[in-house]
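Here is a brisk report on one protein chain.

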Amino acid sequence: MKFFATALTAAAAVSAAAVEYTPFRVSSFSAACTPHSVMCHYSFDVYVPGTMETAPGAHCTADVLGNPDGTLPEVRDGTCENSGRTWDMLRFGSGIIFTVSSAVSPHSNTTGAYLLANSNLVTQDEVTSIVQKYVATPNFDMIRL
């Protein structure tokens with residue numbers, strides 16, 4: 001019982017720390033390539049929790065040319081409506097590293113990251129094309145880089 005109480009206290013401390021260090025909260029995230037097309041679409045809302053900014057925050061989208069194999073492409077310096085935030089989608093062995101950055105000063109940024117794991121990227125054969133899409137939770141917290 002004493003071990004359980006200690007573990008519960010440690011888990012609560014980690015959860016509190018995670019909230020404190022979450023630079024960005026993402027909602028309504030979607031990423032998918034369009035069947036019978038060469039285009040892919042990324043869309044999400046992002047805000048800074050624990051500040052005066054409220055959900056849904058800035059809306060960010062991009063329509064980009066898909067990879068020849070139908071997989072979601074990389075994006076560099078994606079933009080968000082009415083916001084100075086930028087975002088990237090970078091291919092990595094385990095999936096796609098999704099980052100969001102916001103300038104804090106002329107010389108520094110706050111950057112958050114989230115892994116779109118390969119297990120959450122589904123590739124489907126749509127007869128005339130193969131397309132990939134993200135199929136996991138649309139709402140998540142990023143970790144500070």
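## Terms and model

A polar contact is a pair of N or O atoms within 3.5 Å; within protein, one must be able to donate a hydrogen and the other to accept it, and residues adjacent in sequence count only if both atoms are side-chain atoms.

This is a predicted model: local features need pLDDT of at least 70, side-chain atom pairs count only at pLDDT 80 or more, and totals for chains, interfaces and linings use all residues. Residues are numbered from 1 along each chain as its sequence is written, and side-chain values use heavy atoms, without hydrogens and water.

## Overall build

The protein chain has one helix and eleven strands (DSSP runs numbered from the N terminus: helices are H or I, at least four residues; strands are E, at least two). Of the 145 residues, 34% are buried (under 20% relative accessible area, 1.4 Å probe, protein chains only).

## The open sheet

Five strands make an open sheet, ordered S4-S5-S6-S7-S11, with antiparallel pairing (two strands pair if DSSP finds at least two bridges between them). Strands S4 (75-79) and S11 (143-144) are at the edges with a single partner strand each, so one side of each lacks a neighbour in the sheet.

Seven bridges link S5 (residues 86-92) to S6 (residues 95-105). Leu-90 has Ile-97 in S6 as its bridge partner.

## Gln-132

Gln-132 sits in strand S9 (residues 130-134). Gln-132 is buried, at 6% relative accessible area. Its side chain makes a polar contact of 2.8 Å with the side chain of Arg-91. A polar atom of the Gln-132 side chain also lies 2.9 Å from the backbone nitrogen of Leu-72.

How values were computed: Buried means under 20% relative accessible area, exposed over 50%, partly exposed in between (1.4 Å probe, protein chains only).
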